Amino acid sequence: MKLFSFWRSLATYRVRTALNLKGIVPDEVVDIDLIKGKQREDAFRQVNPQMVLPALVDGDGPVLFQSLAIMEYLDETHPQPPLLPKEPRARARVRGLAQIVACDSHPLMVPRVREYLEHELKLDEPTRLKWIQHWFGEALAALETHLSRDSQTGRFCHGDSVTMADICLVSHAVGAKLFNMDLARYPTVARIVDACLKEEAFARAHPLKQPGAPQSGAH
């Protein structure tokens, strides 16, 4: 198994966490430095033509891409512990919470979008930061509302076991902190994030604990 990763990639943080939860150690981790533009080099384009992380190679099969799809693949090939509940309505809720992050909010803030805002639209750093914080906040507010009013929320997003929703929630919250956002306005989110980060699988996968990461948070 080969994982293409970068310390600052929040989507790869999700996959690293899922691998840790499943007790899977990749045979190789390939660093793709997004800051230096390594994702645009031909070698990685052959792996993922979209030039984004993460990507996972497992055996002789085709390259896997997109964090949610990779996590579901891992859940199907390594069922324990499960990342999705068994009951269909519960599975839909967990997927919905995960997609608020992975499909609605995070895509608006990834490096290629920030680069477009800077180089094509000529937005200065304070304006770009305002854009990023706005979309982080939109997702956090939506997640807080869903989680705080639903009786299915427990110690974690859905009951008392970690699911894909928690993995996405934590990646989003960690990213928000890297961009100087305070989670105090989102107490349910903050409580669940704190509970998750006490789990080794999350803590060990944290962006700032990866090779090449700075000593302190930075965007």
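**Entry 1.** I began with Glu-28 and found that this residue counts as partly exposed, at 40% relative accessibility. I noted that the model is predicted. I then looked for the partner of Glu-28 and found a salt bridge with Lys-2, in which the closest N and O atoms are 3.8 Å apart. The two residues lie in distant parts of the chain, 26 residues apart: Lys-2 belongs to strand S1 (residues 2-5) and Glu-28 to strand S2 (residues 28-31). Lys-2 is also partly exposed, its relative accessible area being 30%.

**Entry 2.** I next examined Arg-93 and Asp-150, whose side chains form a salt bridge with an N to O distance of 3.0 Å. Arg-93 sits in helix H4 (residues 88-105), while Asp-150 sits in the loop between helix H6 (125-149) and helix H7 (164-178); the pair thus links distant parts of the chain, 57 residues apart. Is Arg-93 buried or exposed? I recorded a relative accessible area of 12% for Arg-93, so this residue is buried, because the cut-off for buried is under 20%. Asp-150, at 24%, is partly exposed.

**Entry 3.** I then looked up Arg-155, which forms a salt bridge with Glu-199 at 3.5 Å between the closest N and O atoms. Arg-155 lies in the loop between H6 and H7, and Glu-199 in the loop between helix H8 (187-197) and helix H9 (200-205), so the pair ties together parts 44 residues apart in sequence. Both residues are partly exposed: Arg-155 has a relative accessible area of 37% and Glu-199 one of 29%.

**Entry 4.** Finally, I searched the whole structure and found ten salt bridges. I also noted a network of salt bridges that links Glu-118, Glu-125 and Arg-128.

Technical notes. Residues numbered from 1 in each chain as written. Predicted model: local features only at pLDDT ≥ 70, side-chain atom pairs only at ≥ 80, totals over all residues. Heavy atoms only, no water. Salt bridge = Lys/Arg side-chain N within 4 Å of Asp/Glu carboxyl O. Helix = DSSP H or I, 4+ residues; strand = E, 2+ residues; numbered from the N terminus. Buried < 20%, exposed > 50% of the residue type's maximum accessible area, 1.4 Å probe, protein only.
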